[in-house]
Amino acid sequence: MKKAILKKLNWKIVTSIAVFLVLFVYWIYSFLGVTFGPINQKENGNYCKGYTYGIKICWGDINAE
């Protein structure tokens, strides 16, 4: 039964659903990191909140080296 369903599905649709799911999980991961994640200090003195591989929110001196 499953093979028949998979044969009928268009691979473009399956690929787009997979990409959508990966992006959705990444956005949830990033949102949780910004909301509940740790605050880390970068080498230039700026502070960032968020997980390592997600989107981060940083503040401090923009021109710091």
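Here is a short tour, one selection at a time.

Before you click, note that this is a predicted model, where local features need pLDDT of at least 70, side-chain atom pairs count only at pLDDT 80 or more, and totals for chains, interfaces and linings use all residues. Numbering starts from 1 along each chain as its sequence is written, and side-chain values use heavy atoms, with hydrogens and water left out.

**Whole chain.** Start with a cartoon view: you'll find two helices and three strands, in the order α-α-β-β-β along the sequence. Helices (H or I, at least four residues) and strands (E, at least two) are DSSP runs, numbered from the N terminus. Of the 65 residues, 11% are buried; buried means under 20% relative accessible area, exposed over 50%, and partly exposed in between (1.4 Å probe, protein chains only).

**Helix H2.** Next, select residues 11-36, which make up helix H2, and pick out Ser-30. Is Ser-30 buried or exposed? Its relative accessibility is 4%, so Ser-30 counts as buried. Leaving aside residues up to four places away in sequence, Ser-30 touches Gly-54 and Ile-55, a contact being heavy atoms within 4.5 Å. Now jump to Val-25, also in helix H2: this one counts as exposed because its relative accessibility is 54%.

**Aromatic pairs.** Show the rings: the whole structure has three aromatic pairs. Rings of Phe, Tyr and Trp (its six-membered ring) pair if their centres lie within 6.5 Å; planes under 30 degrees apart count as stacked, over 60 as edge-to-face and the rest as tilted. One of the pairs is Tyr-29 with Tyr-51, tilted, at 5.2 Å centre to centre and 35 degrees between the planes. Tyr-29 sits in helix H2 and Tyr-51 in the loop between strand S2 (47-49) and strand S3 (57-59), so this pair ties together parts 22 residues apart in sequence. Tyr-29 is partly exposed at 34% relative accessible area, and Tyr-51 is partly exposed at 30%.

Then select Tyr-47 and Trp-59, a stacked pair with 6.3 Å centre to centre and 25 degrees between the planes. Tyr-47 belongs to strand S2 and Trp-59 to strand S3, so the pair links parts 12 residues apart in sequence.
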